[in-house]
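Hello,

Here is the structure I promised to pass on. Please open it first, then read the notes below.

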Amino acid sequence: MRPSLQALMKSIKNKTVFIVGGGPSAKNVDFGLLQNEIVICINDSYRDFPNATAIYWVDDTWGSENYDMLNQHSCQMKFTSRHSQHMSYERDSDPTTICNAAVLRRTGDVGYDPNPDCVMGNNSGVQMLNLIVNMKPKKIILIGYDMKKDGRVSHYHNMPRPPIGDYIYNAMFMPSIDGLAKGIVKSGVKVEIINANPESAVRCFKFGNYIDYIGL
């Protein structure tokens, strides 16, 4: 296994992991309670977690916009993805890109890829969940995985991001995360995944209160 993935697995194997996405329900979470937990940040949520275990993004433009802050962040484990046709692991055993982020191979939009070097999904939340499942944690707690807007708001933070349209959620993001969930079950992987927002459009994982999993 690549050094970057070895380091990530060592940090989270058989442990409880919190993945923080950007959905508006995250504003109801006390991030202070999570500062000493294993937290995986997706996109802008890294700003709220100076001790984040790992940071993940997909959009190259976002990476460029956040270049300085990502480089200054204490987190040493950063990941992104590229379509498989643009990657060759034969040339480099652990390829990296902007901000020294390890590059994973994206193998499709819908489904689950059990290869640790690879992820599936058409958005960063789904891809990161695929990656973390492959790192063999005990539990995964999803925060801000809403896949819908709260009124006109599609993000919990105040960064100037364009709102995500309902069509994107319904036609793209939801089929992707549902396909991942089905693929995980079909593969026989045993991992408990809990969605911390009972009002989420994501209904393929059981629901629970994030506070109940702190310190476990």
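Contact here means heavy atoms within 4.5 Å. This is a predicted model, where local features need pLDDT of at least 70 and side-chain atom pairs count only at pLDDT 80 or more, while totals for chains, interfaces and linings use all residues. Residues are numbered from 1 along each chain as its sequence is written, and side-chain values use heavy atoms, with hydrogens and water left out.

**The sheet**

Helices (H or I, at least four residues) and strands (E, at least two) are DSSP runs, numbered from the N terminus. Two strands pair if DSSP finds at least two bridges between them.

Nine strands form an open sheet with parallel pairing. Their order is β6-β5-β4-β3-β2-β1-β7-β8-β9. The edges are β6 (118-119) and β9 (206-207). Each has a single partner strand, so one side of each is left without a neighbour in the sheet. Helix α1 (residues 3-12) packs on this sheet. The helix touches β1, β2 (38-42), β3 (54-56), β4 (78-83) and β5 (102-106). Its direction makes about 130° with that of β4. For that angle, axes are lines fitted to C-alpha atoms, for helices over the stretch in contact, and angles run from 0 to 180 degrees between N-to-C directions.

Now some of the pairings. Strand β1 (residues 16-20) runs parallel to β7 (residues 139-143), and five bridges join them. V20 stands opposite I143 there. Two bridges join β3 to β4, with I55 opposite K78. Five bridges link β4 to β5, and H83 has R106 as its bridge partner in β5.

Buried means under 20% relative accessible area, exposed over 50%, and partly exposed in between (1.4 Å probe, protein chains only).

**The cores**

A nonpolar core is a set of buried Ala, Val, Leu, Ile, Met, Phe, Trp, Tyr and Cys residues joined through side-chain atoms within 4.5 Å. In soluble globular proteins, nonpolar side chains tend to be buried together.

Which residues touch the most other members of the largest nonpolar core? They are I19, F79, L129 and L131, out of 39 residues. The elements giving two or more residues to this core are α1, β1, β2, β3, β5, α4 (124-134), β7 and α5 (166-187). Helix α5 gives the most, with seven residues.

**Cysteines**

A disulfide is a pair of cysteine sulfur atoms within 2.5 Å. The structure holds zero of them. For C41, the nearest cysteine sulfur is that of C75, 7.6 Å away. C41 counts as buried, at 0% relative accessibility. For C99, the nearest is again that of C75, 11 Å away. C99 is buried too, with a relative accessible area of 7%. C99 is found in the loop between β4 and β5. Its phi is near 60°, a positive value in a residue other than glycine.

**Loop residues**

A polar contact is a pair of N or O atoms within 3.5 Å. Within protein, one must be able to donate a hydrogen and the other to accept it, and residues adjacent in sequence count only if both atoms are side-chain atoms.

D94 is found in the loop between β4 and β5. Is D94 buried or exposed? At 17% relative accessibility, D94 counts as buried. Its side chain makes a polar contact with the side chain of R2 (2.8 Å). The D94 side chain also reaches the backbone nitrogen of S4 at 2.9 Å.

S154 is in the loop between β7 and α5. S154 is buried, at 5% relative accessibility. Beyond four places in sequence, S154 touches G22, G23, P24, K149, P162, P163, I164 and Y169. Its side chain makes a polar contact with that of H155 (3.1 Å) and reaches the backbone nitrogen of I164 at 3.1 Å.

M147 is found in the loop between β7 and α5. M147 is not a glycine, yet has a positive phi of about 55°. M147 is buried, with a relative accessible area of 10%.

Best wishes
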